[in-house]
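Thanks, everyone. Let me put the model up, and then I'll walk through it.

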Amino acid sequence: MILSGNPIIYKSYEWERLRIASRFNASLMDHLRPYVKPGITTDEINQVVHEYTVSNGHTPATLGYHGFPKSCCISINEVVCHGIPDDTELKEGDIVNVDITSIVDGWYGDQSETFLVGEVSEDARKLVQATYESLFLAINTIKPGSSVIEIGEVIFDFATELGYGVVRQYQGHGIGRDFHTDPGIPHYPVSGSERDLLLPGMCFTIEPMLNAGTWKTVEDRSDGWTVRTKDGKLSAQFEHTILMTDTGPEILTLTKEGPQPGHRF
Ligand code: MF3
Ligand code: CO
Ligand code: CO
C-alpha cells in the first residue's frame, strides 16, 4: 500500500495518551465558554486559556509556535483563522472562533468552536450552523480505510450547495506527538488525497472553514498571522481531533457543556 507523506500510526497503548490530551483540551473549552460574552476582550479570553492550561501543569501549544505570540487563536467575523488576541472587545452580533491546542505530557489536542455573541443575524447563524454540520457530515462519512478525499468531497459538496465558499489555504492535519503532521486534510477534493488512507491508529483534525462569500483569503501583512476573507464577508470554523479506531472515528475533543452532535444554533 502506498501512502503519500509520512502519517503516524499510533499503537493502541498510545491511544490513551491521545485521549487524555484531547480531554483536557475539551475541558479548557468548557472552562472558557462562559467568558465568551459581549464586552470581554480577546486578550482577556487568552488570559483565561493561558492560566487554566498552565495551572493544570500543561502547555498552550500556540504560544511561540513559529513565533505566534498568544496562547490561542481568536478570529472574529471576517477573520478566517489565526486571529491574535488583543484589546478588541466582543460585541453583540459577532461570531467568534476560539481555537485552542494543549500539550499534555508531550501529546497534543486541538479543537475550535465558533460562538454566537448574543443575538446574531440570521445569515451569521446559518453560516455557523452549516459549518458545524459540515464537520459532522465528514466525521460520519469516514471509516477505517477511508480515503482523505472523502472528507473534502462531503464538506465541499454540502457547502457549495448552500452557496458558501470553502477555504483552501488552510486544512486539517495529523496530530499527536506533534502539532501538525501528515496527512494534510483538505476540506475540498484535492487530487492526490485519495491516496491518503485513514487507518486505525491515525489521529488527525478536521477543521472546515466556510465563508459566506468567496473561498479566497488574504493574510494580514502587518502582523503576519491574521487571515481574512478576501471579500470581507463572514467566516466560521469548527474543529475536532479524531482518532481512527478499528470500529470507526472517535471524537477525542467532545466537550461536556458545548454543542453536542445534532445541535441547532
Ligand atoms: N490551532 C490551529 C490549527 O487548528 C493552528 C494555530 S497555529 C498558530 O491547526 F500559530 F496560528 F497559533
Ligand atoms: Co486548531
Ligand atoms: Co488544527
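A search of the whole structure turns up zero disulfides. By disulfide I mean a pair of cysteine sulfur atoms within 2.5 Å. Take Cys73. Its sulfur sits 7.0 Å from the closest cysteine sulfur, that of Cys72, so the two are too far apart for a bond. Cys203 is in no disulfide either, and its nearest cysteine sulfur, in Cys73, is 19 Å away. Are these two cysteines buried or exposed? Cys73 counts as buried, at 7% relative accessibility. Cys203 is buried too, at 5%. The cut-offs: buried is under 20% relative accessible area, exposed is over 50%, and partly exposed is in between, with a 1.4 Å probe and protein chains only.

Some ground rules. This is a predicted model: local features need pLDDT of at least 70, side-chain atom pairs count only at pLDDT 80 or more, and totals for chains, interfaces and linings use all residues. Residues are numbered from 1 along each chain as its sequence is written, chains are lettered from A and ligands numbered from 1 in the order written, and side-chain values use heavy atoms, with hydrogens and water left out.

Now the metals. Which protein atoms hold the cobalt ion (ligand 2)? The donors are Asp99 (OD), Asp99 (OD), Asp110 (OD) and Glu239 (OE), at 2.1 to 2.5 Å. Donors here are N, O and S atoms within 2.8 Å of the metal (3.2 Å for Na, K and Ca); water is not among the atoms, so sites may look incomplete. The spacing in sequence is D-x10-D-x128-E. Strands (E, at least two residues) and helices (H or I, at least four) are DSSP runs, numbered from the N terminus. Both Asp110 and Glu239 are buried.

What about the geometry? Six donor atoms surround the cobalt ion (ligand 2), and their angles run from 57 to 168°, so the arrangement is irregular. For reference, four donors are tetrahedral if all angles lie between 85 and 135 degrees; four are square planar and six octahedral if opposite donors are over 155 degrees apart and all others between 65 and 115; anything else is irregular.

Next, Gln237. This residue lies in strand E15 (residues 235-237). Gln237 is buried, at 2% relative accessibility. Setting aside neighbours within four places in sequence, its contacts include Asn97, Asp99, Thr131 and Glu207. Contact means heavy atoms within 4.5 Å.

Thr131 takes us to helix H3, residues 122-141, where it is one of the buried residues,. H3 has 20 residues and reaches 28 Å from its first C-alpha to its last, close to the 28 Å expected. That expected span is 1.5 Å times one less than the number of residues. Other buried residues of H3 include Leu127, Val128, Leu135 and Phe136.

Last, the backbone. The peptide bond from Asp182 to Pro183 is cis, with omega near 0°. Pro183 lies in strand E9 (residues 181-185). Asn77 is not a glycine, yet has a positive phi of about 55°. It sits in the loop between strand E2 (73-76) and strand E3 (79-81). Asn77 is buried, at 14%. His82 also has a positive phi, about 60°. Its place is the loop between E3 and strand E4 (95-104). His82 is partly exposed, at 26%.
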